[in-house]
Amino acid sequence: MLSFFLSRRRSPLALRLLITILVTSSLITLLAVALQLYVEYRSDVELIEQRLSQIKGSYSDSIALCVWNLDRKQFNSQLEGILHFPDIVYAEIRGEDGELIAARGTPQDKGFIREEITLATTDFGRSVQPGRLIIVASLDRVYNNLLQRGMIILVTQGIKTLIVSIVILLAFHWMVTRHLYQIGTYARQIDLSSEQRLQIQRPPGTNDELDFIVRAINDMQDNIQHSYQTIAELNQNLEHKVEQRTRALEASTEKFRYLFQNALESIGIFHQGHCVDLNKAGLELFGFDSLAQAQDLHALDFVAPESMAIVREKIARQDAEPYEAIGRKRDGSQFPMLVKGQNAIIDGKPTRITSAIDLTEIKRSEAALRQANQELARIAHTDPLTGAFNRRYLDEAASSLVALAKREGRDIAIAMMDIDDFKSINDRFGHDVGDRVISVLVDLIRQQIRQSDLIVRFGGEEFVLMLPNTGLENAEQVAEKIRQQVATSQAVAPVQFTLSIGLSVVSSLDQDISETIARADKALYQAKRAGKNRVCRTPAPEPLSRAAPYRQTK
């Protein structure tokens, strides 16, 4: 058996068996040790927890009474008593506000159990909580015990495991490995023309796995000799089938070339990023006169600079999902295209097959559709006579503008405008002149307002002017300029008309913009009753700018 240790041809299988036994045994030993140590650790910890529970039941009431009565001598004495318990290393008392009242022992940075007890007592029948008792128990003794026990168990188990493993190793080498070397040597030198068969030196009467392997190798030798003859016969049939398959493959290749060249979409074949083939549709799409002009070009040469990054990423990730890119023709012109790449193996080489479709007409149709939708949106939100926004747009835009103003604490002014005696203008000069008056009014208003202000046709001759970031004083100045401009305008001569305006600002108490408009409308009627052609205002109960501090505190 000692030949295993002395021989240069030590058994790798036996060594692996030894390693397996050692590793498995060690893992099981470690698991058992860990389980045993855990049980002992939990027992020690539970004992400490019982002491903490005992301290809580024995000391908390008396310490609470001492703290409430400020009897420092008594509760210091009790803290000293707590430290006499095994493993208890630190105790402190803190008041209701967390202020340290008393402490004994040494604080711990690691390896401890901390128990915090709320102190409670009664004072003339009233329950009070004068503070907290904090107790810290050290786990050093527990850890030292665990370390000593673990080392003893590991050493004894390790020695036992090593001895058992060596015995098993030597037995395995003697009973198995040396015969496997003999079997392997014979198998390496099998001669199909020889009648010799494998034999190994075994005690008479044995019949185990090694004997089974010997019989199997001898049977294999017989089968190989028989198969050798069969292979020679099959080889002739195989050559005939290969010839048939070759003709079929050539026909399939011709069919593929026909479909490839006559496909309606551009198809390119790229090897290591360079073009090796491009069909007729691809040559036409990218402006090549012949395949020779496209061959050896890199895939990035077929796209515009702004699309190179996405193409490079798709190739690197071997992504087969279709994506849009900007193509580049041979003459440098660009066009939108839909691209899809697929990785394949062609002639044993990794290849990427890429198809491309020109999206120019589709993009034009999409642009026309977007323009039509924008025009429909403009028509839906504007008054056809004046170009001002209509009431529907006011309802949609006001909520977002008011929400933004509330967040920023900025005022929004609302002006309600009405043309004075507009019915008499229609009755005297006709509705065409009346429409002209309304159009001129909108033009005059636009001359006095900012681009961010909204002018809305609210009714027939009524208009709402929404002035973001504008207080009531500034809104009154703007309204007065508009009123004077209208009163002195000769744009609809000989018709002269005037304008009455009511003002208010959005309040933080308003549920929606309609409440602000109602206040502005009330001011408008006040201007009408006061003689028309004037500006009146109704203050808001709580403007947004004054409500800003309240908004920030929330």
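**View 1. S307 and the residues it touches.** Leaving out residues up to four places away in sequence, S307 touches A325 and I326, where contact means heavy atoms within 4.5 Å. This is a predicted model, in which local features need pLDDT of at least 70, side-chain atom pairs count only at pLDDT 80 or more, and totals for chains, interfaces and linings use all residues. Residues are numbered from 1 along each chain as its sequence is written, and side-chain values use heavy atoms, with hydrogens and water left out. Look for S307 in the loop between α7 (291-294) and α8 (308-317); helices (H or I, at least four residues) and strands (E, at least two) are DSSP runs, numbered from the N terminus. The side chain of S307 reaches the backbone nitrogen of I326 at 2.8 Å. Is S307 buried or exposed? S307 counts as buried because its relative accessibility is 5% (buried is under 20% relative accessible area, exposed over 50%, with a 1.4 Å probe and protein chains only).

**View 2. Helix α14 and its packing partners.** Among the buried residues of α14 are I513, R519, L524 and K528. The buried residues of this helix pack against α10 (391-408), β10 (412-419), β12 (462-468), β13 (499-505) and β14 (535-537). After α14 comes G531, with a positive phi near 120 degrees.

**View 3. The largest nonpolar core.** Here, M417 and L465 touch the most other members of the 33-residue core. A nonpolar core is a set of buried Ala, Val, Leu, Ile, Met, Phe, Trp, Tyr and Cys residues joined through side-chain atoms within 4.5 Å. Helix α12 gives the most to this core, with seven residues.

How values were computed: Polar contact = N/O pair within 3.5 Å; in protein donor to acceptor, adjacent residues only side chain to side chain.
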